[in-house]
Amino acid sequence: MSKSIHLTLKIWRQSGPGDKGRFETYPAKGISTDMSFLEMLDVVNEQLTLEGKEPIAFEHDCREGICGTCGTMVNGRAHGQLQGTTLCQLHMRHFSDGDTLVIEPFRARAFPVIKDLVVDRSALDRIIQAGGYISINTGSAPEANTLPVPQDRAERAMDAAACIGCGACVASCPNASAMLFVSAKVSQLALLPHGRPEAARRAIAMVRTMDACGFGNCSNHRECEKTCPKEISIVNIARLNREYYKAGFTSLEN
Amino acid sequence: MHLDAKIPAGPLPQKWDRHRFELKLVNPANKRKYDIIVVGTGLAGASASASLAELGYNVKTFCIHDSPRRAHSIAAQGGINAAKNYPNDGDSIWRLFYDTVKGGDFRAREANVHRLAQVSNLIIDQCVAQGVPFAREYGGLLANRSFGGAQLSRTFYARGQTGQQLLLGAYSALMRQVATGKVRMFPRREMLDLVLVDGQARGIVARNLVSGDIERHEGHAVVLCTGGYGNVYFLSTNAKACNVTATFRAYKRGAFFANPCFTQIHPTCIPVHGDYQSKLTLMSESLRNDGRVWVPKTPGDKRPPSQIPEVERDYFLERKYPSFGNLVPRDVASRNAKEQCDQGKGVGETGLAVFLDFADAILRDGRAVIEKKYGNLFQMYDKITGEDPYETPMMIYPAVHYTMGGLWVDYNLMSTVDGLFVLGEANFSDHGANRLGASALMQGLADGYFVIPYTIGGYLAGTRFAEAKSDHAAFTDSVKHVQERTAALLAVNGRRTVDDFHRQLGLIMWDHCGMARTNEGLAKARTLIQELREEFWRNVRVPGSEKDFNQSLEKAGRVADFMEFAELMVIDALARQESCGGHFNEAFQTEENEARRDDANFCHVAAWEFTGDGKEPGLHKEPLVFENVHLTQRSYK
């Protein structure tokens, strides 16, 4: 059954990239435990608006855990403490009356703050542009069943493809590495026969772009795997490393 | 103005081939001389952008999100239809065509729907080649499942995340073209006006959502792929940013809006639980393959489901529709759930829910099988409601999900404005008065991958263009118009928030222009909307400034458009004095409470023309001619 709780929020406010930023404290009173975390922020924002203050900027869209738009740090954890959950799917029944929540943006050199809790994650798009695709023009595909894909490989490809590109892995990593993100895409395409022809070029190009965008390296902290709302496994990072080393020996481009 | 759908002559199966032959071609070397603006990066927009760039056009693509991968196509769960007939169960292009026309309650254009069925197979080929990890059989070949409104298995799927995988496929193709430089990507931009020069769509005015700058972008054609308007109801399964602004602004510039009252209420959503609720969550209707829908036989029975014995349960869909059972089309399933709740048999705290029960399926197939099919959906349900659907039946209730209406387009997907093309959910063309499951993904990708690349060439090759750079007077006028409107929103400084107004508008629409409509209710809704709109412009509070990242201002602009658009929906619903598909007017029903069409008077597309602020819109009718299917009363019994 739903009940009502009172919380204290310490929220990062920053008017723009040039602003230094600071924490501000807001009460969140009478929060129903059936609310989602973002609905709780909605309630605070409605209040701030009526008080003539500027509401807290935060990103969100589908509110069903699939678009990857939402995400903040809650008490030091990306998307909050609940395993395998985006912020929009975190419900207030997981908090207790009287809790203090510290809410900050995802922090990484490659994710500059735009405003309050909103960061610029376009670096992730640039990594995909470097090779996160199979080069096939519209209309030139062969009949879909021409190449069978063993079911277990298709399933593993799907496990990796479930990445929503939210950036929580980067925000949780002490090195702000995007290795889990890169490895998910490299793995998905490397596991499928359709993706093999470009596998070497893809692994090298995506890793180089990741480095160029200012993400750090992987040093096996495994924080990314723990925080990933889609529970993408670091097995994919191992596969990326294999693909990358293999490419180093075989690719003409290296 | 005469609405010419430009349907090619000849027998239905040959129309598209013939039309492609008759369309003029743009020489490969000349394609680089054309700039095309694509607004939106869902399935339609991303696939169109990539395909046009591959052909050699210069493409400028816009989206309101931080990344094109966020578009709401990503949330589609169930699957995508195609007439591959892999299961050997009797499917064909003709049957997919027929099912779609029938499912739409005979209010869609035959030729468009047939083309959709024809290209459906190419879409699967394309997506597989892109690396979309569709579900597969042990032998490694593609798996299919059945879906609402169909009696065979033609749906391809990637767990419960088919939309996500198809969108990421289209997005990857788009990113590849961004890397080649053929697409220039403009994220965090919102189109606020369409710019016409000599009656041709020649550009857009967009707001940079980070800086607040109003930007001018010119091109030789504009392709709108901006999705549907379900958020007019405030609560819907649509993502929060989904809005009508781009299509409504185009309507105000001369594009006709077709069948705006055709909205789809999806039967399997998680029920509303509080007045702070910000959106509704869909549970894929694939759940109806194994879940059984029921309510207690006795009104007001508040016992927990486990204590209601089998004989006291009413599996009302199986009882009323023995041949389709729980797999009846969405409009039928939704209306029946409402009917049961109206009779006091609804369950849960609010009485606005019915059970969707998997106990029999788990008993029959074992928990592991059910978990494999629906694991992520069960988990999502558990997260939101705190209840475990393996142990206790889910509770579901209908929610606004999709809008069949949209900007009117001809066979080339061009609107009544020359050079303005409209794709995907944003147009009206393929689903009639009700869309079948797994057909939205099919249509979005058909339009983007396999229709627009041909038809836009036909337009460009046959059109002369005047010089229209971004300093043209038409752009300057448009920018001024946009800036004045923004300033007006900020200047009100009233006492109610944008969301507060939006919720109230949504309730008016849900109560009077939702699952069941009456002439009295619609007339009342029209007055209520007018009053609310008047108050909005007098009493809304939009904090912050124009030259900033200002989410309140974004919302205010969208809600202001919904306030006007809602009235157009009501006008359309009142004009259509029949029931069909998702438009159910209580005055027009059969003795068995099914929608009763009036083919003698309403077998047409209602296309509305903007005639000026505060003036009645003009109605234009495109008669629907059925040469290949026989119009019947839909029956799923």
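Where is Val232(B) placed in chain B? This legend set, drawn from a predicted model, starts there.

**View 1. Val232(B) in its loop.** Val232(B) sits in the loop that links strand E9 (221-224) to helix H7 (245-252) of chain B. The residue counts as buried because 31 C-beta neighbours lie inside 10 Å, and the cut-off for buried is 20 or more.

**View 2. Partners of Val232(B).** Setting aside residues up to four places away in sequence, Val232(B) touches Val244(B), Met509(B), Phe562(B), Phe565(B), Ala566(B) and Met569(B). Thr403(B) is 171 residues from Val232(B) along the chain. The C-alpha atoms of this pair are separated by 10 Å.

**View 3. The largest nonpolar core and Leu224(B).** The largest nonpolar core holds 288 residues. Val170(A), Val223(B), Leu224(B), Leu407(B) and Leu420(B) have the most contacts inside this core. In soluble globular proteins, nonpolar side chains tend to be buried together. Beyond its neighbours within four places in sequence, Leu224(B) contacts Leu407(B) and Leu420(B), among others. Its partners also include Val39(B), Gly40(B), Ala246(B), Thr247(B), Ala250(B), Val422(B) and Ala426(B).

**View 4. The two domains of chain A.** Chain A divides into domain 1 (4-115) and domain 2 (121-250). Their centres, taken over C-alpha atoms, are 29 Å apart. Across the boundary, 18 residues of domain 1 of chain A are in contact with 17 residues of domain 2 of chain A. On the domain 1 side, the touching residues are eight nonpolar, seven polar and three charged.

Definitions and conventions: Residues are numbered from 1 along each chain as its sequence is written. Chains are lettered from A and ligands numbered from 1 in the order in which they are written. This is a predicted model: local features need pLDDT of at least 70, side-chain atom pairs count only at pLDDT 80 or more; totals for chains, interfaces and linings use all residues. Helices (H or I, at least four residues) and strands (E, at least two) are DSSP runs, numbered from the N terminus. A residue is buried if 20 or more other C-beta atoms lie within 10 Å of its own, exposed if 12 or fewer, and partly exposed in between; C-beta atoms are placed from the backbone. Two residues are in contact if their C-beta atoms, placed from the backbone, lie within 7 Å. A nonpolar core is a set of buried Ala, Val, Leu, Ile, Met, Phe, Trp, Tyr and Cys residues joined through C-beta atoms within 7 Å. Domain bounds come from an automatic or database domain assignment. Ala, Val, Leu, Ile, Met, Phe, Trp, Tyr, Cys and Pro count as nonpolar, Asp, Glu, Lys and Arg as charged, and the others, Gly among them, as polar.
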